[in-house]
Amino acid sequence: MTANRRFRDINRIGPVQVGTSFDGRGHEKHTAACMAPRCGFSADYDSRAAAELAARTHRCPVR
């Protein structure tokens, strides 16, 4: 099943974008996803601070 998400409050920290959306149960989730080609990093977090910390400390393996 694919997740259709409507992201809001999107910020970019380096190559990583952080956005907020609601999951299927109506809970707020925060996602950090790297936009660099062939990187593939993305993760969901329960707090915005955790997602932004992941974005700041992410190092792409592909350079």
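Reader: What share of the accessible surface of the protein belongs to carbon and sulfur atoms?

Author: The model is a predicted one. The accessible surface of the protein comes to about 4600 Å². The part of this surface that belongs to carbon and sulfur atoms is 51%.

Reader: Which pattern does the protein follow when read along the sequence?

Author: The protein has 4 strands and 1 helix. Read along the sequence, these elements follow the pattern β-β-β-β-α.

Reader: What is the radius of gyration of the protein, and what does the globule rule give for 63 residues?

Author: Along its principal axes, the C-alpha trace spans about 35 × 25 × 15 Å. The protein is as compact as a globular protein of its length, because its radius of gyration is close to the value of the globule rule for 63 residues.

Reader: How much of the protein is made up of buried residues?

Author: A residue counts as buried when its relative accessible area is under 20%. Of the 63 residues in the protein, the buried ones make up 29%.

Reader: Which residues of helix 1 are buried, and where on the helix do they fall?

Author: Helix 1 covers residues 48-57, and its buried residues are Arg48, Ala51, Glu52, Ala54 and Ala55. Seen down the axis of helix 1, these residues fall within an arc of 155°, so they line one face of the helix. What covers them includes strand 1 (8-13), strand 2 (16-22), strand 3 and strand 4 (42-45). The buried residues asked for are thus Arg48, Ala51, Glu52, Ala54 and Ala55, and their place is one face of the helix.

Reader: Which elements give two or more residues to the largest nonpolar core?

Author: The largest nonpolar core has 8 residues in all: Val16, Val18, Ala32, Cys34, Cys39, Ala51, Ala55 and Cys60. The elements that give two or more residues to this core are strand 2, strand 3 and helix 1.

Reader: With which residues is Ala55 in contact, leaving aside its neighbours within four places in sequence?

Author: Ala55 is one of the buried residues of helix 1, and it is also a member of the largest nonpolar core. Leaving aside neighbours within four places in sequence, Ala55 is in contact with Ile13, Val16 and Val18.

Reader: How far apart are the C-alpha atoms of Leu53 and Ile13?

Author: Leu53 is found in helix 1. With a relative accessible area of 48%, Leu53 is partly exposed. Leu53 and Ile13 are 40 residues apart along the chain, and the separation of their C-alpha atoms is 9.8 Å.

Reader: Is Thr31 buried or exposed, and with which side chain does its own side chain make a polar contact?

Author: Thr31 has its place in strand 3 (residues 28-34). Thr31 counts as buried because its relative accessibility is 10%, against a cut-off of under 20%. Not counting residues up to four places away in sequence, Thr31 touches Arg5, Phe7, Gln17, Val18, Gly19, Ala43 and Asp44. The polar contact of its side chain, at 2.6 Å, is with the side chain of Asp44.

Reader: With which residues is Arg5 in contact, leaving aside its neighbours within four places in sequence?

Author: Arg5 lies in the segment before strand 1 and is partly exposed, with a relative accessible area of 33%. The C-alpha atoms of Arg5 and Pro61 are separated by 27 Å. Leaving aside neighbours within four places in sequence, Arg5 is in contact with Ser21, Thr31 and Asp44.

Reader: What is the relative accessibility of Ser21?

Author: Ser21 is found in strand 2. Among its contacts, leaving aside neighbours within four places in sequence, are Arg5, Phe7 and His27. Ser21 counts as buried, with a relative accessibility of 1%.

Reader: Near what value is phi of Asp9?

Author: Asp9 has its place in strand 1. Its phi is a positive value in a residue other than glycine, near 50°.

Key. Residues are numbered from 1 along each chain as its sequence is written. This is a predicted model: local features need pLDDT of at least 70, side-chain atom pairs count only at pLDDT 80 or more; totals for chains, interfaces and linings use all residues. Side-chain values use heavy atoms; hydrogens and water are left out. Buried means under 20% relative accessible area, exposed over 50%, partly exposed in between (1.4 Å probe, protein chains only). A polar contact is a pair of N or O atoms within 3.5 Å; within protein, one must be able to donate a hydrogen and the other to accept it, and residues adjacent in sequence count only if both atoms are side-chain atoms. Contact means heavy atoms within 4.5 Å. The arc is that of the directions from the helix axis to the C-beta atoms. A nonpolar core is a set of buried Ala, Val, Leu, Ile, Met, Phe, Trp, Tyr and Cys residues joined through side-chain atoms within 4.5 Å. The radius of gyration is taken over C-alpha atoms; the globule rule is 2.2 Å times the number of residues to the power 0.38. Accessible areas come from the Shrake-Rupley method with a 1.4 Å probe; for residues, only the protein chains shown count as cover.
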